[in-house]
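Subject: Structure handover

Hello,

Please find the structure below, passed on for your own work. My notes follow it.

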Amino acid sequence: MKEVQKDRAEEWTIIHPLAVRITHWINAFAILIMVASGWRIYNAAPLFPFKIPADLTLGGWLGGALQWHFAAMWLLAINGLAYLVYGIVSGHFRRKLLPISPKAVIHDVVEALRGKLAHDDLSMYNAAQRSAYLAIIVAGIVLVFSGLAIWKPVQVQELTAILGGYEGARVVHFVAMALLVLIVLVHVFMVILVPRTFPAMFTGRAKRAS
Amino acid sequence: MKKRGMEGSLSEQSASLIGKIERRLFLKQGLSLGALVLLSGCEVTEDEGVQKILTGMSRWNDGAQSWLFSQSKLAPEYPESAITKSFPFNAFYGEDEITEVDGKSYKLELAGMIREKKSWTLPELYALPQTSQITRHICVEGWSAVGKWSGVRFGTFLERIGADTSAKYVGFKCADDYYTSIDMATALHPQTLLTFRFADQILPPKYGFPMKLRMPTKLGFKNPKHIMAMFVTNEYPGGYWEDQGYNWFSGS
């Protein structure tokens, strides 16, 4: 009995490919800068009747925040593009994020809220995770394009027009940010609940469930 | 082999301990990640090494925007009905400190790589061919407003004064001690106007009497008001906000 258990404990497997781990952490760093500096930029002319507490922002003043935002945007966009190309070409997305059905998502989210969603096999994403990871990819793409529409409303005016003009694109950019921040908060909360997922995002390894 | 064995026994014996350490490590790393943001944004930004990178990226962005800029891409123009009712006043000082320029004695001074450097009076400037535009003014802060400006195409004016349009920059000095500079490509853009009127009225002091360079292809702060002198040069002239860290090109 003891022998069998020992064997199982040694069954480590790579669940997160190196490319995913690298792009994940670069992305986390870029998102942190983009959100914190973006909040500072938001405060210069708030779209809604509230401001972000200055302590949560990056840049010190509007000019500093813009410098951070327009520097980190390259990191976010290039890293994001590398991740998307890898995910599509390698079949990573197809294997990990698909298939996904609304029914399964609702079921798993309800189970998760009741604290009953098992997460023994880290190599498999449940439907709640799949929907969150897909949503964050979509939010990221929307953020990059709406950001481009705000930054270059003359040079890429066709894109800006699709997003409701300059002022419309600002709203889209904000809503996508809010969605992204919400998903990240839930994501980090889940990692705290299941801490062994955290080192796996560095080493890539986890014990295979059998 | 030996290593694997050690790992196996380790994880068997002290799995709960590892769990605890992992949790602690996670908290610690999470906290330091949070600290990066919580460290008042100022401190990180003012670090010399960080500032060097950020300034370098801003120069790189100047190049990227210059490459993206198209001479033939026109900013959208709007109908009269789209004009913002009360157009915001904005400057680096308050509305009670607006500079008053005497129109009668006013003369626009020219310098640098320009053939005919004689100064221009307002009646002479008003006599140049005038055109109007209703475009969106986008502030670096994020807000925007639609206004109507009228004046002479800046390209026409540069041609009239014999400016060397192969030079890199056009710089401006203003009555309110503001100063800025633009790239020659934008100076020659068909929608770049040297304007004397706002909403069909002589430009009020609030909006930059006697003239404002209007560029719908650049952010608001790049559009100088109360222009007293301009010069053409190949040496980077900077600007009031640009010298403090705003991106120089700041194109739309």
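Helix H5 of chain A covers residues 102-113. H5(A) has 12 residues, and the distance from its first C-alpha to its last is 16 Å, close to the 16 Å expected at 1.5 Å a residue. After H5(A) comes Gly115(A), which has a positive phi, near 70°. Please keep in mind that this is a predicted model.

Also in chain A, Val171(A) sits in helix H8, which spans residues 165-193. Is Val171(A) exposed, partly exposed or buried? Val171(A) counts as partly exposed because it has 14 C-beta neighbours inside 10 Å; a buried residue would need 20 or more, and an exposed one 12 or fewer. Val171(A) and Pro46(A) are 125 residues apart along the chain, and their C-alpha atoms are separated by 11 Å.

In chain B I looked at strand E9, residues 227-233. Of its 7 residues, 5 are buried, so E9(B) is largely enclosed by the rest of the structure.

Two pairings of E9(B) are worked out:

- Strand E1 of chain B (residues 109-112) runs parallel to E9(B), and 4 bridges join them. Glu109(B) has Ala229(B) as its bridge partner in E9(B).
- Strand E4 of chain B (residues 169-174) pairs with E9(B) in the antiparallel sense, over 6 bridges. Here Lys173(B) has its bridge partner in E9(B) at Ala229(B).

Ala229(B) is therefore a bridge partner of Glu109(B) and also of Lys173(B), while E9(B), the strand that holds it, is largely enclosed because 5 of its 7 residues are buried.

Regards

Note on methods. Residues numbered from 1 in each chain as written. Chains lettered and ligands numbered in written order. Predicted model: local features only at pLDDT ≥ 70, side-chain atom pairs only at ≥ 80, totals over all residues. Pairing = 2+ DSSP bridges. Expected span 1.5 Å × (residues − 1).
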